[in-house]
Amino acid sequence: MRYVLLAVGDEKPWAEAGPAEREEIYARWGRFEELLTARDAGRGGNELAPSGTATTVRKTGGKAVVTDGPYAEAVEQIGGYVTIEAASMDEAIEFAEACPSEIVEIRPVPDQG
Amino acid sequence: MTAVEQAYREHWARLLALLTAEVRDLDLAEEALQDAFAAAVSAWPPVPGNPPAWLLTTARRRALDRLRRGALAARKLPLLIVDDPEPPSVIPDERLRLIFTCCHPALSMDARVALTLRCVGGLTTREIARMFLVPEATMAARITRAKKKIAQAGIPYRVPAGPELAERRDGVLATVYLIFTEGYAATGGDRLIRADLAAEAVALGRMLRELLPADPEVDGLLALMLCHHARRDARLGPSGELIRLPDQDRSRWHREEIHEALSLLAAVSERADPRGAGSGQTESGGASGGDPFPGPYLLQAAIAAEHAAAVRAEDTDWPAIARLYGELEQITGSAVVRLNRAVAVAEASGPGDGLKLLDGLDRMLGRHHLLHATRAEFLRRLGREREALDAYERALEVVGTDPERAFLLSRRADLSIR
């Protein structure tokens, strides 16, 4: 089954992190990607620029309204995502536990077949 | 009991577990099995020589019928992820898979409780709704949502292995114990005990023990439930009021259940102590090698057993109970355990020592009437009636059930001040 792991967390620590800390965090993500590769589970993903750079387009009454910021204001924001192929929810949970993100939301991808 | 009712009691969970593995769809399996029991109602007697085999064959046929009619195709739910779909030759016991799936941590506790009672306990949605005081439609929606999530999120139909097993087993035990406590100390409504719900939990505990033998925590949970359940007839007075443990008529306790609990606990300690076991066996916890020993359920059972074994209230070994609560607090860090420990300590060495242990619990348990009621009792015994009165007031503000409210009112009225 396919799942998307959403990496969720407070953006502030990352914004305030120095170069050494950032390097350390990237190294942890690198090890996580290696694990996914070794298990042939990784199906791509991306780090996302901070939510301060987000733009939201809302369609109301046939009109598209463009606003600055993410769709929902919250301390915790989605900072990236990884698509994985896992045998079941149990394996997806195992990968989510190995993921460096502080919070991981697991969302199954519906089978189109 | 008719032959169909008896077959339902004995075989529902086993047949549903097996059928689910075969058709890889919990919903379809459940409907087909329900059809099979409905068919049995009109076809029996004569009761077939092997009732479960008859039911299984009928249910399989009904499942095929339903699949052919395409009634389920419209739902487009993915098939369950089943570890080993090999068709078996005898009726194997797949109930553990069913239990672990119903109690999966990706499901909410409400959903786990409802699914476990429906699928493993074989209760109808109407019965479960009545037990939890919610409309039947609400309970039906809850169960449907849970089954959908199992299918759509790929919650597997499997027994976890390795270190995952102990952790997931704890989730199963927590679900069963929650069912029990909801029956034993109802959180809402006009009745204090729902013995039917507690009895279901005890039955689930027995089933778990059969499926996970020699696991001290599983034995502990069953012993714990039995010790409490054995007191059900003595806990309420003639008008449904709460009778506290020291005032209960101990002749109304179900002795055979207490005996069963005590021998369960004796067997666990015999297994844990190689000298006592005499067989050279040192492995104490079959399925749960890495657990702390004794674990939380075993400790709670040991506490309940101390109470149950006392012939009269004044024979209770409070120092032993206070010690056990101390151990339990250490491994759980729970505020409720601390509250109970305070009660035991007050009995063992005086209300002043108990009162000290309540310090700092308000932040965690401020909405819990038992904290305030306990404090009120300690203060009363220390002769600090003014403060006791305040504590009763606070307990009455947050108390949930009517019998407990009546009890608090009567205790408050007993104070010499107003």
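## Helix α1 of chain B

In chain B, helix α1, which covers residues 3–23, does not run straight but bends by about 60° at B:H11; this and everything that follows is read from a predicted model. Most of α1(B) is covered, with 15 of its 21 residues counted as buried. Directly after α1(B) comes B:R24, whose phi is positive, at about 55°.

## Fold and dimensions of chain A

Taken along the principal axes, the box filled by the C-alpha atoms of chain A is roughly 45 × 45 × 20 Å. Of the 113 residues in chain A, 19% are buried. When the contacts of chain A between residues at least 6 apart in sequence are considered, 77% of them join residues that are at least 24 apart.

## Where the chains meet

The contact between the two chains involves 7 residues of chain A and 9 residues of chain B. On the side of chain A that touches chain B, the residues comprise 4 that are nonpolar, 1 that is polar and 2 that are charged.

Methods
Residues are numbered from 1 along each chain as its sequence is written. Chains are lettered from A and ligands numbered from 1 in the order in which they are written. This is a predicted model: local features need pLDDT of at least 70, side-chain atom pairs count only at pLDDT 80 or more; totals for chains, interfaces and linings use all residues. The bend at a residue is the angle between axes fitted to the seven residues ending there and the seven starting there. Helices (H or I, at least four residues) and strands (E, at least two) are DSSP runs, numbered from the N terminus. A residue is buried if 20 or more other C-beta atoms lie within 10 Å of its own, exposed if 12 or fewer, and partly exposed in between; C-beta atoms are placed from the backbone. Ala, Val, Leu, Ile, Met, Phe, Trp, Tyr, Cys and Pro count as nonpolar, Asp, Glu, Lys and Arg as charged, and the others, Gly among them, as polar.
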